[in-house]
Amino acid sequence: ANKEVFNFYYIDDYVPECEIYKGVALLCRLKEMIKKAASCPNDYIVVVKENPSNIRSSAFMNIMSINSNLPKSVVQHEFGHVFVSLAEEYAPAILPRNARNCVTNCEKFDVKDGCYLECSSGDYYRSIENGVMRTLFTNQFGIFNEKLINERIEEIRSGGIIRQSPA
C-alpha cells in the first residue's frame, strides 16, 4: 500500500565514507555524501555498508546508515525514526521530544495492540509488545505506529504541515 507515494533513486558510482560512531554504530553524514545525494531528488538518504554484525545501524536527521549484516527489518526500523520520528521501544534509550509512539499512560493510545512498559524510558509505554522499533526479529510496526505512518503519508499527499503532539 502507498507505493505511489515513494520514489527511490540509486547512485552506483559512489562509495561514501562512514564512521563507526562511539565504536557501536554506523554513521554516514559527510558533506560530500549529502552533496552527491543531491544529484537525485531526495527527502531521505539511505547508505548501505557492510560491517560486522555487532555494529548497529543508525538514523541521523534524514540519513539512514544501514549495516547490511543486520536483519533486513533494520531498514524499517531506521525508516521509522527518520520518517515519523518514532522512538526506540526498548530501554534505556534517548526519548526524542517529538516521538509520539512512547506515551506517559495507556489512555493516550487511540488504537493499540496492547500497552507495555518501557519505551525508550522505563516509565513510558509502547503500544506493541515486540514491534520493529523494539526488535529486529519482526517486521511489524504495530497498529498505533502504522496509524502514525499513515498520518504522515496523508500529510505529504495533502502538502500539509506536520503536527506533532507531545507524549
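Glutamate 154 is partly exposed, at 44% relative accessibility (buried means under 20% relative accessible area, exposed over 50%, and partly exposed in between, with a 1.4 Å probe and protein chains only). The structure is a predicted model, in which local features need pLDDT of at least 70 and side-chain atom pairs count only at pLDDT 80 or more, while totals for chains, interfaces and linings use all residues. Residues are numbered from 1 along each chain as its sequence is written, and side-chain values use heavy atoms, with hydrogens and water left out.

The side chain of glutamate 154 meets that of arginine 157 in a salt bridge, at 3.3 Å from N to O (a salt bridge being a side-chain nitrogen of Lys or Arg within 4 Å of a carboxyl oxygen of Asp or Glu). Both residues belong to helix H3, where a spacing of three residues separates them by about one helical turn. Helices (H or I, at least four residues) and strands (E, at least two) are DSSP runs, numbered from the N terminus. Arginine 157 is itself partly exposed, with 41% relative accessibility.

Arginine 157 also forms a salt bridge with glutamate 4, for which the closest N and O atoms are 2.1 Å apart. Glutamate 4 lies in the segment before strand E1 (19-21) and arginine 157 in helix H3 (residues 143-158), so this pair ties together parts that are 153 residues apart in sequence. Glutamate 4 is exposed, at a relative accessible area of 59%.

A further salt bridge joins arginine 100 to glutamate 151, with 2.7 Å between the closest N and O atoms. This pair links distant parts of the chain, 51 residues apart: arginine 100 is in the loop between helix H2 (73-84) and strand E6 (116-119), and glutamate 151 is in helix H3. Arginine 100 is buried, with a relative accessible area of 17%, whereas glutamate 151 is partly exposed at 27% relative accessibility. Arg100 and Glu151 are also members of a network of salt bridges that includes Asp110 and Lys147. The count of salt bridges comes to seven.

The largest nonpolar core has twelve residues, namely Phe83, Val84, Leu86, Val103, Phe109, Val132, Met133, Phe141, Phe144, Leu148, Ile149 and Ile153. A nonpolar core is a set of buried Ala, Val, Leu, Ile, Met, Phe, Trp, Tyr and Cys residues joined through side-chain atoms within 4.5 Å. Another core, of eight residues, lies apart from it and includes Cys28, Met33, Ile55 and Ile63.

Backbone geometry was examined next. Most residues other than glycine have a negative phi, and most peptide bonds are trans. The peptide bond from alanine 91 to proline 92 is cis, with omega near 0 degrees; proline 92 lies in the loop between H2 and E6. Glutamate 118, although not a glycine, has a positive phi of about 90 degrees. Glutamate 118 is placed in strand E6 and is partly exposed, at a relative accessible area of 31%. Serine 120, likewise not a glycine, has a positive phi of about 70 degrees. Serine 120 occurs in the loop between E6 and strand E7 (121-126) and is buried, with a relative accessible area of 2%.
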